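Here are a few notes to read with the model open beside you. Take them one at a time, and find each residue as you go.

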Amino acid sequence: MSGPVVVGVDGLSSLAAVEAAAREAERLGTGLRLAHVLPWSSTHLPPGVPPWDRGGAVTRESLTSALTEAHRAARRIAPGVAVTQDVLIGEPSAVLDAESRRASLTVVGGRPATGVGGRLGASVAGQLAVRSRGPLLVIRGRFGPEGPVVLGNDTSREAAEFAFSEATRRGTDLVVLHPRTRAARSLSALRRKHPDVVVHERHAGSWTGHALVEASGTAQLVVIGARHTIADTLRVSAARILVDHAHCPVAVIPLRAA
């Protein structure tokens, strides 16, 4: 995907996500799109249509204060990256899902949820983990250079490639967490491709969402694959738990159909 990095902007609480998105855009050599989603109750406006395009009374200027601060933050981090911005209308996860289909990466901030067994769909990040068809990066918890990259939940090819690349880029180890109920997928080709990455393979219980939350306590990034089908309900549920409760940033990588 050659589209921009898209980041959801919802005020000062999302600045960490904006800064991370700017770094990713610089690394990928692409632009950065700042998207401030204004929830809109009307069923007559499709997701992403600005109200001023339908003769509404809302002005663009009244909605751009968060974007102005986000633009400044992005410029501080990556002054050479081309930045665009817009206010979009609709249900936030639906709008960002639509944006993600043209994006190299979608970045959002994560917010705390109530208990690991709590409201799994309460956050925008949790909803995107279920529905997004593009790579998703959720910025939450600790955000820094310490700790390994953790790869979990059956090590799908797409997620494994992303995790190895991130471990190489960050100069850190990779911890591969396998459910005990499944055989470990061979990673020999990726080990040869990334010879500098030290790989530690560990087993976890069958409910890997909880195991990954625990592993995130000492990680700098957790990577999980998710295919949005009924057959992969457990995998998607683990992703939802992780993005709402992890102690570090989380990458959810969509899997191609088998």
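1. Let's begin with Glu 201, which is partly exposed, with a relative accessible area of 41%. Bear in mind throughout that this is a predicted model.

2. Which residue does Glu 201 pair with? Its partner is Arg 191, and the two form a salt bridge whose closest N and O atoms are 2.7 Å apart. This pair links distant parts of the chain: Arg 191 sits in helix H6 (residues 188–193), while Glu 201 belongs to strand S8 (residues 199–204), 10 residues apart. Arg 191 also counts as partly exposed, at 34% relative accessibility.

3. Glu 24 and Arg 27 both lie in helix H1 (residues 15–28), 3 residues apart, or about one turn of the helix. They form a salt bridge, and their closest N and O atoms are 2.5 Å apart.

4. Is Glu 24 buried or exposed? Glu 24 is buried, because its relative accessible area is 7% and the cut-off for buried is under 20%. Arg 27, on the other hand, is partly exposed, with a relative accessible area of 35%.

5. Helix H2 (residues 65–77) gives you another pair to look up: Arg 72 and Glu 69 both lie there, 3 residues apart, about one turn of the helix. Their side chains meet in a salt bridge, at 3.5 Å from N to O. Glu 69 is partly exposed, with a relative accessible area of 22%.

6. Together with Glu 166, Arg 169 and Arg 170, they are linked in a network of salt bridges. How many salt bridges does the model have? The count comes to 11.

7. Glu 166 is one of the buried residues in H5, and the others are Glu 158, Ala 159, Ala 160, Ala 163, Phe 164 and Ala 167.

8. Last stop: what comes after H5? Gly 171 follows H5, and its phi is positive, near 65 degrees.

Terms used
Residues are numbered from 1 along each chain as its sequence is written. This is a predicted model: local features need pLDDT of at least 70, side-chain atom pairs count only at pLDDT 80 or more; totals for chains, interfaces and linings use all residues. Side-chain values use heavy atoms; hydrogens and water are left out. Buried means under 20% relative accessible area, exposed over 50%, partly exposed in between (1.4 Å probe, protein chains only). Helices (H or I, at least four residues) and strands (E, at least two) are DSSP runs, numbered from the N terminus. A salt bridge is a side-chain nitrogen of Lys or Arg within 4 Å of a carboxyl oxygen of Asp or Glu.
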